[in-house]
Amino acid sequence: MGNRWTPKWKKTEIDVDGKKYEVCYDEVTRLYACPMCSPVCLNGGVPDHGSYFFHQADLVKHIKAHKYSLWTKMRPSEVEEEEEEEESEED
Ligand SMILES: [Zn+2]
């Protein structure tokens, strides 16, 4: 938690198999972030975790992996479950 960087996200479009994807590019670290792993970056937020890439080509490969695997569609976010647990303790 203490080690947060402040990204300067810039939205940029990349081409994956002829389809345009809007992805995040951080001008501070010069990293590309996967918009599926960390969608908050598209709104200028700081993702807690995600997949970052130095090269656009690597991000393209990663997005292709999303397309061909079902895990993201089945489980958009696993983190939310933990938060729910905390709330039920107070009840
Ligand atoms: Zn991803």
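β3 and β4 run antiparallel and are joined by two bridges. On the β4 side, Y52 is the bridge partner of A33. Keep in mind that this is a predicted model. Four strands make an open sheet in the order β1-β2-β3-β4, with antiparallel pairing. β1 (9-16) and β4 (52-53) sit at the edges with a single partner strand each, so one side of each has no neighbour in the sheet. The strand pairs look like this:

| Strand pair | Sense | Bridges |
|---|---|---|
| β1 and β2 | antiparallel | eight |
| β2 and β3 | antiparallel | three |
| β3 and β4 | antiparallel | two |

The hairpin of β2 and β3 has four residues between the strands, with R30 at a positive phi near 60°.

What lies across the sheet strands? That's α1, which lies across β1, β2, β3 and β4 and runs at about 65° to β1.

On to the core. The largest nonpolar core has 11 residues, among them W9, C24, A33, Y52 and L59. Elements giving two or more residues to this core are β2 (19-26), β3 (31-33) and α1 (56-68), and β2 provides the largest share, with three residues. Y25 belongs to this core as well; leaving out residues up to four places away in sequence, Y25 touches K10, T12 and Y32. In soluble globular proteins, nonpolar side chains tend to be buried together.

Key. Residues numbered from 1 in each chain as written. Predicted model: local features only at pLDDT ≥ 70, side-chain atom pairs only at ≥ 80, totals over all residues. Core = buried A, V, L, I, M, F, W, Y, C linked by C-beta atoms within 7 Å. Buried ≥ 20, exposed ≤ 12 C-beta atoms within 10 Å, placed from the backbone. Contact = placed C-beta atoms within 7 Å. Pairing = 2+ DSSP bridges. Axes fitted to C-alpha atoms, helices over the stretch in contact; angles between N-to-C directions.
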